[in-house]
Amino acid sequence: MSKVASALTIAGTDPTGGAGIQADLKSFQEREVYGMSVVTSVVAQNTFGVNGVHHLPVSFIEQQLHAVFQDIEPDAVKTGMIATIEMMELVASVLKGKSTHYVIDPVMVAKSGDPLMEESSRKVIRDTLVPLASLVTPNVPEAEILVDFEISSTDDAKKAARTIVEELGAGAAVVKGGHLTGEAVDVLYDKSGYHYFKSERTNTKHTHGTGCTFSAVITAELAKGKSMADAVATGKAFITDAIKYTLGVGKGNGPTNHWGHRLQGLPNLGGEKVE
């Protein structure tokens, strides 16, 4: 048997399973990579919003990281909720100099609008972690924080993706177009130039954890040796199906469907109109 690719997520939790580490591990499993996790924060949240956050001691996060890297060094690493400056500095110190792919999902605000990152940490993620990244995967509000200008069109998204690479030092950036109007276009910029990934929009409120899932699938594909453009294309197709074939669970903004990619051509489980 050939070596199984492995991926590590460093992030916070979601007890209802739609986002955070739980969503990442589901995504890794669906993409057939061996998933591992390091918990940074324990979050009391559901499809309505965030009720509380408990950050783990940095010393214990370091112990978790050491336990993983001394035994099963991952082929790719993804970070999600890295809430404090001390956590960011720790992750940077562990990843610096390693050849593993590193994907940043710059989780700053929950789908409900609740803040998940201290405001003082935003500059540190830009200066400390982004330059180490193979890929950064912000949505429009997150990209606006990173590049410090408004994004209201695909042209703005192109400028933001290029800024994250050429000025902030990331290897590549994909600015997701879900917050923009019209066709949902994600813009990837890397050393080969621009790539565009389009999809239909689905009329559903069940989009909890979309960013986590999208970036986790990309991480899994990079772990398997796929090119950046191919990995992002797979992530885009996966999350499009995960939203389209909604499970319809949760009384608020429900989670995406991590096995939606298996249901192409079948009715929408959530029963909502697909546009």
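Biologist: Is tyrosine 194 buried, exposed or partly exposed?
Modeller: This is a predicted model. Tyrosine 194 has a relative accessible area of 27%. Buried needs under 20%, exposed over 50%. Tyrosine 194 is therefore partly exposed.

Biologist: What is the angle between the planes of tyrosine 194 and tyrosine 196?
Modeller: The two rings form an aromatic pair, 6.3 Å centre to centre. Planes under 30 degrees apart count as stacked. The pair is stacked, with an angle between the planes of 20°.

Biologist: How many aromatic pairs does a search of the whole structure find, and what is the centre to centre distance for tyrosine 189 and tyrosine 194?
Modeller: The search finds two aromatic pairs. Tyrosine 189 and tyrosine 194 form a tilted one, with 55° between the planes. Their centre to centre distance is 4.8 Å.

Biologist: Which residues form one aromatic cluster?
Modeller: Tyrosine 189 counts as buried at 9% relative accessibility. Tyrosine 196 is partly exposed, at 40%. Tyrosine 194 pairs with tyrosine 189 and with tyrosine 196. The cluster is formed by Tyr189, Tyr194 and Tyr196.

Biologist: Which residue has its charged end over the ring of tyrosine 194?
Modeller: The charged end sits 4.9 Å from the ring centre. It belongs to lysine 158.

Biologist: At what distance from the ring centre does lysine 159 lie over phenylalanine 149?
Modeller: Here the ring is that of phenylalanine 149, and lysine 159 lies over its face. The distance from the ring centre is 4.5 Å.

Biologist: Why are the buried residues of α5 on the same side, and what arc do they cover?
Modeller: In helix α5, residues 140–147, the buried positions are Val140, Glu142, Ala143, Leu146 and Val147. They lie on the same side of α5 because of the limited arc they cover around the axis. That arc is only 155°.

Biologist: Which elements are included in what covers the buried residues of α5?
Modeller: Two helices are part of the cover: α4 (121–129) and α6 (154–166). Two strands also take part: β7 (135–136) and β8 (173–175). The elements included are α4, β7, α6 and β8.

Biologist: Which residue brings a side-chain oxygen to the backbone nitrogen of glutamate 142?
Modeller: The contact lies at the start of α5, and the oxygen comes to within 2.9 Å. At the other end, α5 is followed by aspartate 148, with a positive phi near 65°. The side-chain oxygen belongs to asparagine 139.

Biologist: Which side chain makes a polar contact with the side chain of histidine 258?
Modeller: Histidine 258 is found in the segment after α8 (228–244). It is buried, at 5% relative accessible area. Its contacts beyond four places in sequence include Gly18, Ala23, Lys26, Ser27, Glu30 and Phe238. The polar contact spans 2.8 Å, and its partner is threonine 213.

Biologist: How many residues apart in sequence are the parts that lysine 3 and aspartate 75 tie together?
Modeller: Lysine 3 forms a salt bridge with aspartate 75, the closest N and O atoms being 3.1 Å apart. Lysine 3 lies in the segment before β1 (6–11), aspartate 75 in the loop between α2 (58–69) and β5 (76–79), so the parts are apart in sequence by 72 residues.

Biologist: Is glutamate 30 buried or exposed?
Modeller: Glutamate 30 meets arginine 262 in a salt bridge, 2.6 Å from N to O. Arginine 262 is exposed, at 56%. Glutamate 30 has a relative accessible area of 16%, so it is buried.

Biologist: In which helix do lysine 123 and aspartate 127 both lie?
Modeller: The two form a salt bridge, with the closest N and O atoms 2.6 Å apart. Aspartate 127 is partly exposed, at 42%. The residues are four apart, about one turn of the helix, and that helix is α4.

Biologist: Which residues are linked in a network of salt bridges?
Modeller: A search of the whole structure finds nine salt bridges. Side chains of opposite charge can pair when their charged atoms come close. The network links Arg31, Glu221, Lys224 and Lys226.

Conventions. Residues numbered from 1 in each chain as written. Predicted model: local features only at pLDDT ≥ 70, side-chain atom pairs only at ≥ 80, totals over all residues. Heavy atoms only, no water. Buried < 20%, exposed > 50% of the residue type's maximum accessible area, 1.4 Å probe, protein only. Polar contact = N/O pair within 3.5 Å; in protein donor to acceptor, adjacent residues only side chain to side chain. Contact = heavy atoms within 4.5 Å. Arc of directions from axis to C-beta. Phe/Tyr/Trp six-rings, centres within 6.5 Å; stacked < 30°, edge-to-face > 60°. Lys NZ or Arg CZ within 6 Å of the ring centre and 35° of its normal. Salt bridge = Lys/Arg side-chain N within 4 Å of Asp/Glu carboxyl O.
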